[in-house]
Every structure is written in structure tokens, then in C-alpha cells.
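Please look over the structure shown below before reading on. The briefing is meant to be read beside it.

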Amino acid sequence: MTSPTGAGDGGEMAHGRLWLAETLWKLGCVQFGDFSLGRTVRNSPVYLNPKLLISQPEALQRTIRLIAEELEMAMAMRNRQVEPYDVIAGVPIGGLHLATALSLHSRRPMLYLRPSRQQGEPEPPHIEGIYLPGQTAIIVDDLAAGGGSLVETVEGLRQVGLTVRDAVVLIDREQGAHRRLEELGVRLHPMLTMEVLLTYLHSGKRLQTAQYDRAMSYFRREGEPRSEFD
């Protein structure tokens, strides 16, 4: 799939990503402060909540159209960047509304890995949805941080016989998910990276230089102690 910077894209694709960044900002999906969330995000100056897209059906529909167009283009390339897929696997909770919308748009079936009812629950993965072993699934989520939820989904789907080679997310916070998925042979395809999103907001005067510098310093900081999970 093409780079989230838009390099090498057609102008329409690059424009689509900038539209997405602008839309996320206008909906209040991007907030600044001091946030600690989940198992990876600690004292982050940026909070992202793409789930707000569900409150704007037209924006959600256009977002899904952008994702679908990029996936189709990547599958059609001579050096294929995305493998053809049979089913769409949403990651609870943030990926479920995106996976549902993409399923309806592309007319491909959807499924999801049900989270364990208790931590350390020994039962095998329970998949909600109909599938056949040997089918290829593409994973869909709203955010990638440390990659824990994505890795769990990959492992659960593979355990029941599904093939997983690609995962698509709206935003990659660039906190380790890409590396962890790559180790499993899975390519991560973000529509936006945190750096691209912040740079766009800063260039459009929506983000003060001090806020931008603080956020970029956080995400670029080497040796920041973070969990391997999100």
C-alpha cells in the first residue's frame, strides 16, 4: 500500500489523506494534553479518538471509500503491496465500525476475534463470523500504537487456520506496531502516521509550534520506556 505521506500517490489519494486529517481535527478526534491510555500510551501529549467518525455518516463513508480504493490499488500493483483477501477482520472495539463499513462497501464478509472473557483464559480463540480455514483475512483497526491488539488478532486468526498478511489502520502512532507486525510477516498499512497528521495540523496553523515540538519530541524520543503491548 502506498506511503501515508502521499509520496508516489496520485494527487487524489494524497488529497484524500489530507481530507482525512482535516476531518479528524474538525470532529475533535485530536486532542492535546497529558494522556496515559492502554498498555503503551503513557504521558502522551496527543490523544486520538477516531471513533467519533461514527457520528458523521458521510465522513465515515468517505473514509471507507478511501481505504477501499487504496487497498484495490495496492492489490493491483505488479509488485503487490496487499494480498487479495476473502474476509475482513475487525479489531474490537475501535476497528469494528470500520470493518463493518468496509464489509458493506466491498461486499466481503466480516468477522472478529472475540476478546477473552478473563485475562489468561485458556480457551481457544473464538471467532464471531463464518469462515473457512485457508481463507485470507485482512485486519482493520482504527489505531496502532504498540501493536498488542493487532498481534493478538493475527495470532488468533492464524490459530484457526486463516491466513493473515496485511493490516490496515486509520492512524499509526509509530510506537512499535509496525516492527512487531513485520516480525510476524504482516504488513501494516496506515492511512495516516502521527508525524504526517501533526505536520499537517502545524502547517495549517491549527497547532502551535510549542505543541508541535513537544508532540514530535515525544514520538521521536529514543529510549522511551514503553510496554510491548497496547
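The model is predicted. The protein has 7 helices and 8 strands, and 48% of its 230 residues are buried.

**Whole protein**
- Among contacts with a separation of 6 or more, 63% are between residues 24 or more positions apart.
- The protein exposes about 11,400 Å², and carbon and sulfur atoms supply 50% of this area.

**The sheet**
- Six strands form an open sheet in the order β5-β4-β3-β6-β7-β8, and the pairing is mixed.
- The edge strands are β5 (126-128) and β8 (187-193), each of which pairs on one side only.
- On average, neighbouring strands of this sheet are turned by 25° against each other, direction ignored.
- Strands β3 and β6 pair in the parallel sense, over 4 bridges.
- Val87 stands opposite Ala137, a residue of β6.
- Helix α4 (residues 148-159) lies across β3, β4, β5, β6, β7 and β8, and runs at about 165° to β6.

**Helix α3**
- Helix α3 covers residues 94-106, which is 13 residues. At 1.5 Å a residue, the helix should span 18 Å; its end C-alpha atoms are 19 Å apart, so the two values agree.
- The buried residues of α3 are Gly94, Gly95, His97, Leu98, Ala99, Ala101, Leu102 and Ser103.
- The cover over these buried residues includes helix α2 (57-76) and the strands β3 (87-90), β4 (110-114), β6 (136-144) and β7 (163-172).

- Most residues other than glycine have a negative phi, and most peptide bonds are trans.
- The peptide bond between Pro92 and Ile93 is cis, with omega about 0°. Ile93 lies in the loop between β3 and α3.
- Arg107 is not a glycine, yet its phi is positive, at about 60°.
- Is Arg107 buried or exposed? Arg107 counts as exposed because its relative accessibility is 76%, and the cut-off for exposed is over 50%.
- Glu174 is another residue other than glycine with a positive phi, near 60°. Glu174 is placed in the loop between β7 and α5 (177-183).
- Glu174 has 35% relative accessibility, so it counts as partly exposed.

Definitions and conventions
Residues numbered from 1 in each chain as written. Predicted model: local features only at pLDDT ≥ 70, side-chain atom pairs only at ≥ 80, totals over all residues. Heavy atoms only, no water. Helix = DSSP H or I, 4+ residues; strand = E, 2+ residues; numbered from the N terminus. Expected span 1.5 Å × (residues − 1). Buried < 20%, exposed > 50% of the residue type's maximum accessible area, 1.4 Å probe, protein only. Contact = heavy atoms within 4.5 Å. Areas by Shrake-Rupley, 256 points an atom, 1.4 Å probe, with all protein chains shown as cover. Pairing = 2+ DSSP bridges. Axes fitted to C-alpha atoms, helices over the stretch in contact; angles between N-to-C directions.
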